Amino acid sequence: MQGTIHIALSANRDFTVPLALCLRSIMQSAHEETRYHFHILDSGVDRSLLLRGGFTNITWYNVADKMRDLPVTERFPSATYHRFLLPTLLPSEITRIIFLDCDTLVRRDLTQLYHTDLRGNSIAAVPWVVLGHFREEYGQHLQSFPRRFHLPDDGTPYFYASLLIMDLATMRGYGTTARIIETVRNTPRKNLIWLDQDALNATLRGQITPLPLEYNVIPLFSEQLENESDEARAAYASPAIVHFAAMKPNILIGPRNALEEDFFNFWQASPWARCIPYPLISLNRLPRPVAALLKASFKALLPWPRLLRAYGRLLAMLQGKKNP
């Protein structure tokens with residue numbers, strides 16, 4: 001596969017549609033001469049649903065039984081650790097790969113990103129940047145990181161794990177997969193706030209090459225940018241990759257900002273326009289029959305977004321909540 005750009009993504013059944021939309025966005029933003037090959041770390045993906053997109057350049061890796069002994073949360077299942085298996089799963093002739101979380105949309109060809117100079121490091125990633133009034137809410141986790149892992153508070157950047165350029169050959173040589181998993185297992189659960197991301201940063205502290213912010217634009221932070229850096233304003237004006245971290249597009253609410261509006265337009269023009277794009281976490285807290293009934297009613301209303309959002313407001317009112 002000489003000249004091929006290798007992309008890896010990880011998903012379970014609930015994230016089949018986000019995975020499909022991410023793949024579609026990569027293909028639609030590709031230059032005519034760009035050739036991608038996708039490596040899917042599969043922990044229950046609905047393959048027949050995914051393949052509505054006509055994707056053919058995929059290698060599948062069944063990892064459903066991997067990492068099941070590691071800590072998880074409702075938001076972060078065991079699939080969050082699967083990215084670290086890439087050096088051990090992929091054949092040795094593949095020496096570089098981009099890993100992407102599937103809750104992303106790619107808006108620019110990835111060739112330049114793929115060939116980033118890692119400056120001797122095994123991984124490149126985007127530094128953690130919190131914007132606007134969310135600094136207080138999320139900044140405390142960043143500030144506590146050195147203390148939680150008994151590291152010097154010396155200003156070393158902390159990185160998102162949502163986009164990783166991996167030098168697989170170097171990672172194999174250093175046994176990086178085993179080292180990161182060992183960090184997870186040897187860290188008290190209360191100290192692992194961001195699970196795999198914390199483990200990545202603790203294990204490879206000072207050995208990660210920074211990428212520009214435009215490769216991890218988070219819609220949640222898209223307001224109140226007037227006092228932010230020139231880089232932040234430019235990244236949010238023209239993102240290369242949009243990452244729906246912390247707040248997923250919600251069909252019962254509709255777009256909350258311009259980046260979410262772009263998402264809804266992209267989804268509605270896709271082969272998955274009659275599928276709920278992101279699982280509604282609140283349904284998991286309901287009895288299964290009730291959740292199934294609500295999910296069926298949501299699907300029935302997908303062709304009529306205004307009715308669906310009115311239904312969402314009604315449910316929120318009945319639940320005594322501001323948002324469903």
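A crossing of two helices is called right-handed if the near helix is turned clockwise from the far one by less than a right angle, and left-handed if the turn is anticlockwise. The legends below describe close-up views of a predicted model.

**View 1. Helices α7 and α8 meet in a right-handed crossing.**
Helix α7, which covers residues 176-186, packs against helix α8, residues 196-203, at an angle of about 115 degrees, and the two axes are 9 Å apart. On the α7 side the contact is made by Arg 179, Ile 180, Thr 183 and Val 184, while α8 contributes Ala 199, Leu 200, Ala 202 and Thr 203.

**View 2. The rings of Phe 15 and Tyr 278 form an edge-to-face pair.**
A pair of aromatic rings is described by the distance of the centres and the angle of the planes. With rings counted as a pair if their centres lie within 6.5 Å, the model holds 17 aromatic pairs. In the pair shown here, Phe 15 and Tyr 278 have ring centres 5.8 Å apart and ring planes at 75 degrees, and because an angle over 60 degrees counts as edge-to-face, the pair receives that name. Phe 15 belongs to the loop between β1 (5-11) and α1 (16-29), whereas Tyr 278 belongs to the loop between α10 (258-268) and α11 (288-301), so the pair ties together parts that are 263 residues apart in sequence. Phe 15 is partly exposed, with a relative accessible area of 22%, but Tyr 278, at 3% relative accessibility, counts as buried.

**View 3. Trp 128 and Trp 194 form a tilted pair and belong to one aromatic cluster.**
The ring centres of Trp 128 and Trp 194 are 5.7 Å apart and their planes stand at 55 degrees, so this pair is tilted. Trp 128 sits in the loop between β6 (123-125) and α5 (135-148), and Trp 194 sits in the loop between α7 and α8, so parts that are 66 residues apart in sequence are tied together by the pair. Both Trp 128 and Trp 194 are buried. The cluster that contains them also includes Phe 76, Phe 145, Phe 149, Tyr 158 and Tyr 160.

**View 4. Arg 309 lies over the face of Phe 264.**
In this view, the distance from Arg 309 to the ring centre of Phe 264 is 5.9 Å.

**View 5. Leu 113 is a buried residue of helix α4.**
Helix α4 spans residues 111-114 and contains Leu 113, which counts as buried because its relative accessibility is 2%. When residues up to four places away in sequence are not counted, Leu 113 touches Ile 98, Leu 163, Ile 165, Leu 211, Tyr 215 and Ile 241. Phe 99 stands 14 residues from Leu 113 in sequence, and the two are 11 Å apart in space, C-alpha to C-alpha.

Ala 246 lies in the loop between β9 (241-243) and α10, and with a relative accessible area of 35% it is partly exposed.

Conventions
Residues are numbered from 1 along each chain as its sequence is written. This is a predicted model: local features need pLDDT of at least 70, side-chain atom pairs count only at pLDDT 80 or more; totals for chains, interfaces and linings use all residues. Side-chain values use heavy atoms; hydrogens and water are left out. Axes are lines fitted to C-alpha atoms, for helices over the stretch in contact, and angles run from 0 to 180 degrees between N-to-C directions. Helices (H or I, at least four residues) and strands (E, at least two) are DSSP runs, numbered from the N terminus. Contact means heavy atoms within 4.5 Å. Rings of Phe, Tyr and Trp (its six-membered ring) pair if their centres lie within 6.5 Å; planes under 30 degrees apart count as stacked, over 60 as edge-to-face and the rest as tilted. Buried means under 20% relative accessible area, exposed over 50%, partly exposed in between (1.4 Å probe, protein chains only). A charge sits over a ring if NZ of Lys or CZ of Arg is within 6 Å of the ring centre and within 35 degrees of the ring normal.
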